[in-house]
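Visitor: I am new to this structure and would like to learn how to read its aromatic rings. Could you guide me?

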Amino acid sequence: DVVLSNLLFENEKNIDDAKLAKEVQNLYKTGFFYDVSAEYENGILYLKLTEVPIISSIKFNGLKKIPKDAMLKELGTKERSFYSKSTAILDAKKIEAIYKSLGILDAMVDPMIEFLDGGKIIVIFNIKETNQKSITNIYFEGNKTFSDRILKEFLQFKEDRFYRIFSSRTGYNVNQVVNGIE
């Protein structure tokens, strides 16, 4: 039904290459097809279409430090929607950026898909988590008015010390550094 309702030249007898290209382009624009090719032979239009798969579910392999529900909210890839390779790649970069904001600077994310029956897929984000970087020392340049100790009291983050073993404020966090300065 989608194909028939989107054909531009349904009853024409002679379709040249330019018209054929418009048919292919028009079917791509629907967003329902991943691959479209067309041939016109002896008055018959042949279309070869590959539908865009529907996302059945999203999985995370290696996700330990961030709750799955929180991660799903950040993604453009959604269950029960059409799969987009470019969106999955952008989501992988977004996941890496989330890890960087938490001080996990070299986490790697590799998006993959697993095909299911019925034109559905599972989107899988393979995540390689690494350890969070910690703050060993904080230095202030150009300060002549206050001691470093007083300035450090106003920061949201702290230097990693043995007596702060259970503190979450000793890990490097890009947002804390930027927000802590404001």
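Guide: Gladly! Let us start with Phe82, which has a relative accessible area of 39% and is therefore partly exposed (buried is under 20%, exposed over 50%, partly exposed in between, with a 1.4 Å probe and protein chains only). The model is predicted, so local features need pLDDT of at least 70 and side-chain atom pairs 80 or more, while totals for chains, interfaces and linings use all residues. Residues are numbered from 1 along each chain as its sequence is written, and side-chain values use heavy atoms, without hydrogens and water.

Visitor: How many aromatic pairs does a search of the whole structure find?

Guide: A pair of aromatic rings is described by the distance of the centres and the angle of the planes. Rings of Phe, Tyr and Trp (its six-membered ring) pair if their centres lie within 6.5 Å; planes under 30 degrees apart are stacked, over 60 edge-to-face, and the rest tilted. Here the search finds 2 aromatic pairs. Phe32 and Phe82 are edge-to-face, 5.3 Å centre to centre with 75° between the planes.

Visitor: Which parts does the pair of Phe32 and Phe82 tie together?

Guide: Phe32 lies in the loop between α2 (17-29) and β1 (33-41), and Phe82 in the loop between α3 (68-74) and α4 (85-101), so parts 50 residues apart in sequence are tied together. Helices (H or I, at least four residues) and strands (E, at least two) are DSSP runs, numbered from the N terminus. Phe32, at 32% relative accessibility, is partly exposed.

Visitor: Why is the pair of Phe60 and Phe125 stacked?

Guide: Their ring centres are 5.8 Å apart and their planes are at 20°, so the pair counts as stacked.
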